[in-house]
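Subject: Structure for you to look at

Hello,

Here is the structure I said I would pass on. Please open it alongside the notes that follow.

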Amino acid sequence: MNQIKQQITIQQATRQKVMHLLELTEVQYGSVVMFAAYDYLQLQTGDTTLTKGLQTSSLFWAWWRNHWHKIDMAFVAECEGLVVSTEGIHKRDLAECMQLYDAMHNPETFEFIPHNSILQEACKTVKPLIKHTL
């Protein structure tokens, strides 16, 4: 199996684990990922033409899914682990997993930004706002 197919398989398995832990459907999971991306773009670039360009950029979405997947992997490891509390050792319940997922996937705390190539590609789709008149 080549490296790209292997990475896709790992991402699919991770997504399935997340959906199982949070009791989400494919559509619900996809909505979470998409709306978090919109929130992230709004926080980073506001309501600009660059935001609109990034929202339609396949490079941006590939980049976003890769970063989301990294956080999902950390979430799965954390949520599947045992918790030591005053009541003893137990697995996290659904409410704890949801709270953890929201905290780990909060766009306000993301410390990554798209690469220049992604921004440049998005800018190519943005129509200039300034019209020259003679």
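Start with Tyr29. Apart from residues up to four places away in sequence, Tyr29 touches Arg15, Val18, Met19, Leu24, Trp68, Asp72 and Tyr101. Please keep in mind that the model is predicted.

Tyr29 also belongs to the largest nonpolar core, which has 28 residues. Tyr29, Phe60, Trp64, Trp68 and Phe75 are the residues with the most contacts inside this core. At least two core residues come from each of the helices H1 (3-22), H2 (26-45), H4 (58-80), H5 (94-104) and H6 (116-124). The helix that gives the most is H4, with nine residues.

For the overall layout, the protein has six helices and two strands. Along the sequence they follow the pattern α-α-α-α-β-β-α-α. The protein has 134 residues, of which 31% count as buried. If you take contacts between residues at least 6 apart in sequence, 71% of them join residues at least 24 apart.

Next, helix H5. Which residues of H5 are buried? They are Cys97, Leu100 and Tyr101. These residues lie on the same side of H5, because they cover an arc of only 100° around the axis. An α-helix has 3.6 residues a turn, so residues three or four places apart point the same way. The buried residues of H5 pack against H1, H2 and H4. On the face turned away from the buried side, H5 carries the exposed residues Ala95, Gln99, Asp102 and Ala103. The N-terminal end of H5 is capped by Asp93, with a side-chain oxygen 3.3 Å from the backbone nitrogen of Ala95.

Two packed helices are described by the angle between their axes and the distance between the axes. For H1 and H5, the angle is about 130° and the axes are 9 Å apart. H1 and H5 are therefore oblique to each other. On the H1 side, the contact is made by Val18, Leu21 and Leu22. On the H5 side, it is made by Leu94, Cys97, Met98 and Tyr101.

Gln11 is in helix H1. Is Gln11 buried or exposed? Gln11 counts as buried because its relative accessibility is 19%, and the cut-off for buried is under 20%. The side chains of Gln11 and Asn66 are joined by a polar contact of 3.0 Å. Leaving aside neighbours within four places in sequence, Gln11 is in contact with Asn66 and His69.

Glu23 sits in the loop between H1 and H2. Glu23 is not a glycine, although it has a positive phi of about 55°. With a relative accessible area of 59%, Glu23 is exposed.

Thr51 is in helix H3 (residues 49-55). It is buried, with a relative accessible area of 4%. How far apart are Thr51 and Leu119 in sequence and in space? They are 68 residues apart in sequence and 9.8 Å apart in space, C-alpha to C-alpha.

Regards

Terms used
Residues are numbered from 1 along each chain as its sequence is written. This is a predicted model: local features need pLDDT of at least 70, side-chain atom pairs count only at pLDDT 80 or more; totals for chains, interfaces and linings use all residues. Side-chain values use heavy atoms; hydrogens and water are left out. A nonpolar core is a set of buried Ala, Val, Leu, Ile, Met, Phe, Trp, Tyr and Cys residues joined through side-chain atoms within 4.5 Å. Buried means under 20% relative accessible area, exposed over 50%, partly exposed in between (1.4 Å probe, protein chains only). Helices (H or I, at least four residues) and strands (E, at least two) are DSSP runs, numbered from the N terminus. Contact means heavy atoms within 4.5 Å. The arc is that of the directions from the helix axis to the C-beta atoms. A polar contact is a pair of N or O atoms within 3.5 Å; within protein, one must be able to donate a hydrogen and the other to accept it, and residues adjacent in sequence count only if both atoms are side-chain atoms. Axes are lines fitted to C-alpha atoms, for helices over the stretch in contact, and angles run from 0 to 180 degrees between N-to-C directions. Angles under 35 degrees count as roughly parallel, over 145 as roughly antiparallel, 65 to 115 as roughly perpendicular and the rest as oblique.
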